[in-house]
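Trainee: I am new to this structure and would like to get to know one part of it well. Could you pick a single strand, look at it closely, and then show me what else is around in the model?

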Amino acid sequence: MNIAVDTIATSPSSDAAKAGAVRQYVTFLVDDSVYGVDIKLVREIKQWTATTVLPNQPAHTKGVLNLRGTIVPVHDLRARFGGPLTEPTENHVVVIVWIGTKTVGILVDAVSDIIGVPSDEIRPAPSADGEPGGGDATIWGLVSAQTGMVALLDLNTMFPSDEGDIG
Amino acid sequence: MDDDEDFRSLFFSEARELLEQLQEHLNLLAEDAGDDETVHAAFRAVHSVKGGAAAFGFDVLIGFAHIFETVMDRIRSGTMQLDGSLAQTLLRSGDVMQILVENTESGSEDSVPGMARLQAELEALAGVEPSAAAEPAAGDDSPSADSDLDEDAVPEASEIIVRITPDESFAEAGHDMVRLIRSAREKGLSEVHVEGQVPPVTTFDPRQNPLTWELVFHTEGPVAALRSFFTIYEHAAQVEFLDSSDDYLEEDLDASDDSQAQDAPAGDAEPDTDPARGSLAAPNADASGESGSAQKRGEAAKSLRVEISRIDRLVNLVGEMLITQAALGQQTADIENREMADVALAVDTMSRQLRELQESVMAIRAQPVKSVFRRMPRVVRDLSEKLGKEARLELHGEHTEVDATVIEELTEPLTHMIRNAMDHGLESNDERDTLDKPRVGRIRLAAEHKGERVIITVEDDGRGVNRERVFAKALERGLVQPDDRLSPPEIDMLIFHPGFSTAQEVSSVSGRGVGMDVVKRKIQSLGGRFAMTSEPGKGTKFVITLPLTLAVMDGMTVSVADQKYILPLSTVVEALHVTRDNGRRLPDGTHLLERRGEYLKLLSLRHALDLPPREQGTEMAIVVDTETSGLIALTVDELIGQRQIVLKSLEANFKKINGISGATILGDGQVALILDIPALMNISPKTGAPAEVLH
C-alpha cells in the first residue's frame, strides 16, 4: 500500500503568492503531537512491515527494510524524542524521506495532512527546550495550523547522515 | 549551456585518458624503452589536453601544459637530449597535469604542491624567461599572479583592444572563436567587432579563416593578464594589442557589427562543427597524421561509453532474477508430478541461460586492474622524493580484469602496501650498497587470474620484517607475553594485529594512523584472503586473493533469534550440533567446542549481535575459517541453507556497522545481514578484552 506523494499537486497555490513563498508540508502524528516535513523531502509513505534488526544500534533505530531493492534504515520517531519504543502494527506508517543523498524511513503513528505554509508564518522553535537528546535543534520551526501546532522537523539534525561509528 | 556541460565532462574524461597514456609513454621513456614514436605520442597527449583546456579557458592548466609542451617539443625535434633526470622531471610534470585536471574538474583552487618549482624547471629547460608569459601559476611571482586572476591590481578600468586574425591552423589547434569569446568575457570583454567577408558556401574552405576580430576589453586588471590569456593563441593566430580610443572603429559600423558578431559564431563554428571533439581530436590528427589515429577511430566505433550506474542496475537485476529463479526451481522440484517434468526442464534451461546472462553482464563491468595499478608509480615517485630512496616499481598483469566494484576498493589497500614497502621494506640506497644488493630497490606489483579469483602480489626486495623489533613492540603493547614462544610466521602476523600500529607512532609516510590490520580487514571485507611471507634480508611478499566480483556471492543462511543472517560460504568449514559432550565452558566464561580432539573458540552470535539470549533449545555451531586466527565456531539457532546472494550496501542509506559487511534481500523480500566474521571477532564479547590473534 504505497502512496506516491509525488502525484499530489505541489504547485504553489496562487492565492498565497502575496504572503511570501508558500511551501507544502506533510504532517504526521505521534501520540498527540503533529510533526511536519517539507513535501519535497518526502519520497513515499509506506505501511509498516517488519524490519531486519541491526546489531548495536541506538534503540530508536528499528532496523532496515527493503524498498524495491535498496536497503533503507527505519527510525522510530517517538523513541527518537525520548518516548517509549513503538510496538508497530499494520496501522503504523513509515514516511520515507530524503536526507541529503540518503533515503531514510521514519516510523510514525499516522500521516495526517498536507498543509501549505507561507514562510512568514513559521515561528522559530524556542532554543534549549530541554529536549532529550542534548537540546539539538531537531525542530526548526513551529506553525499554527487549524488543527493545532505543527512542529517542523530538521531531518539532518535528527538523523545525521554521518552518525559516526559510536555503537 | 547543457552542451557546454557535456563538452566539459567529455573533456575531463578524455583528458584523464590522455594523461594516463602520457604516463605510460613517459614511463617507457624513463626506462629507456621508448622510441621516437613514444616521444611523439607523449607530445601529442600534452598537446591535446592543452588544446582542450584552451577551448574552455582553464588558464592554470593551459599555462602549465604550454610550457610542458614546449619542452616535449624540444625533445621531439632533437634539440634536447632525454636523460634520466629529465625523464623524472617529465614524469612529475605528468603528475602535476593530472592533479591540475582533477582540481579544475572539481573546481578546487588548491595550489598543487611542487608545481611552481617544476614549472620553473620546465621553463629553464625550454629556455623561456620565467616571467615572460606571466603564467598565473608561476611560483616566483605568485602574489601578482593571484591578483591577475581575481583581484584588480590596477584600480582604474582601462580599455584594451586586441585584434586577432586566426591562421589556418587555428581550428586544428583546437581553438574556437566562440569559446575564446566566451572565456574572454571573464576577462572584461565588452565589445566584439568583426571584419572580413565569408566566401559563399561553394568555395568556402573550412581552414581559411577570413575574419579579423577586434575584442574590446574594459578591464581593471593589468594588461599582462590579457597578454597571458592570448599567449596560447599566438601560434595559431596573429594577435595584436592596440591602444585604446585612437584606433577605434567608426561608430556607424557598430550597429551592423553587432548583428554580425552574433551571426559570426555560427559561421565560425562551421569549420569546427563539434567544438569539443574538434578540440581534442583535431590536434591528434594534426600532430601525427600517422596510422595510429585512424586506427583509434575504428576502435572507438566498436566500443561504447556507458554510465556505470546503468550497468550496476543490470547487474542487480540479473542478480535478483537469479534469486527468483532459485526460488522457482525449488518450488518446481517440490511438485511431484510427471506432467511437471517439462516445466522442470524449462526451469533448468532458464537457469543455465540466466547464469550465462549474468556472466555476460559481469563481463561488461570487468575492468583491467590497470586503472588502479597506474596510480602506484605516482605513489612511489612521491615517496622516493620524500624518503630520499630510489625505487623501481614493476607492474605485471595490468590487463587482468576484475569487476569494477573490486577495483574501486583496491586503491586504498594497495597504496598502503606500497607505502609500507617503500617506508619499512626497502633499505636506503647506501645501505643496499653495503649489503651487496642492487642499489635501487625493487617493488613488484602483479595481478593474475586463478580460477574464480584474482591474485594480486606486492613484493619488495628489502630487508623483510624485522622480527625482533616487531616482537619487542608487540610486547610493549601487551599483545604478547615475554615468555611466549612464537614461530617466525606468527611474529610476522603480529603486524596485522589491530593494536599493533597506532596513530601516534606511525611515520608520516606509511601511516595516517592506519595499520596493516586495516588493509587486511579491507581485503577480507571484499571477500578476499591475505597472506604474507617474509624473509630477513630478502624481502617481503604480500599475496591477496580476491573474488572476481563483489556483486554476487555464495552464502550460508543461518537464523539467530528469528533473524536471518548470511555467512560467506567461502569461510564456512562445517556445521556441528552443540551438545553436552562437545561443549565446554572455561571458568573465565570462554566457551569452547571440541572438534575431533581439537578445541575451538565458540562465539555466540546472539551475544556478538546484541540479541536476547536463548531460553532453550539446542544450538548449531558453524565452524568458520577466519583466515587469520584460524578456525572458530559460531553458535546459531538454525542452519537454513546455501544460496546465492546479491550484495547490497548498508552504507548507501545508513552507515557502516561493525561486524556487518552488507545486506541482501531474501526471496520473501526480507533483508538479511551479511556477517563480517573477522570484524565480529574483534567487537565480540563486550568484556573489553582484545580478541586474540594468535592461536
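**A close look at one strand**

Mentor: Let's begin with a pairing: strand S13 of chain B and strand S22 (residues 671–675) of chain B run in the parallel sense and are joined by two bridges. Please keep in mind that this is a predicted model. To find the pairing by eye, look for Ile566(B), which stands opposite Ile674(B) in S22(B).

Strand S12 (residues 552–560) of chain B is joined to S13(B) by six bridges, and here the two strands run antiparallel. Ile566(B) is a handy landmark again, as it is the bridge partner of Thr557(B).

Is S13(B) enclosed by the rest of the structure, or open? It is largely enclosed, because five of the six residues of this strand (563–568) are buried. For this, a residue is buried if 20 or more other C-beta atoms lie within 10 Å of its own. Gln21(B) counts as partly exposed because it has 16 C-beta neighbours inside 10 Å. From Gln21(B) to Ala45(B), the C-alpha atoms are 7.3 Å apart, although 24 residues separate the two in sequence.

Six strands form it, in the order S14-S18-S19-S17-S16-S15, as an open sheet with mixed pairing. Its edges are strand S14 (572–578) and strand S15 (583–585) of chain B, each of which pairs on one side only. On average, neighbouring strands of this sheet are turned by 35° against each other, direction ignored. Inside the sheet, strand S18 (residues 619–625) and strand S19 (residues 631–636) of chain B run antiparallel and are joined by six bridges. Val624(B) stands opposite Ile632(B) of S19(B).

Chain B also has a helix to look at. Helix H16 (residues 404–425) has 22 residues and reaches 30 Å from its first C-alpha to its last, close to the 32 Å expected at 1.5 Å a residue. H16(B) has a kink of about 35° at Leu410(B), shortly before the proline Pro413(B).

Six strands of chain A form an open sheet with mixed pairing, in the order S8-S1-S2-S11-S10-S9. In chain A, strand S1 (residues 22–30) and strand S2 (residues 33–38) run antiparallel and are joined by six bridges. Tyr25(A) has Asp38(A) in S2(A) as its bridge partner.

Finally, the two chains meet: 19 residues from chain A and 24 residues from chain B take part in the contact. On the chain A side, S5(A) gives the largest share, four residues. By class, this side of chain A has nine nonpolar, seven polar and three charged residues.

Methods: Residues numbered from 1 in each chain as written. Chains lettered and ligands numbered in written order. Predicted model: local features only at pLDDT ≥ 70, side-chain atom pairs only at ≥ 80, totals over all residues. Contact = placed C-beta atoms within 7 Å. Nonpolar A, V, L, I, M, F, W, Y, C, P; charged D, E, K, R; others polar. Pairing = 2+ DSSP bridges. Expected span 1.5 Å × (residues − 1). Bend = angle between axes of the 7 residues up to and from the residue. Buried ≥ 20, exposed ≤ 12 C-beta atoms within 10 Å, placed from the backbone. Axes fitted to C-alpha atoms, helices over the stretch in contact; angles between N-to-C directions.
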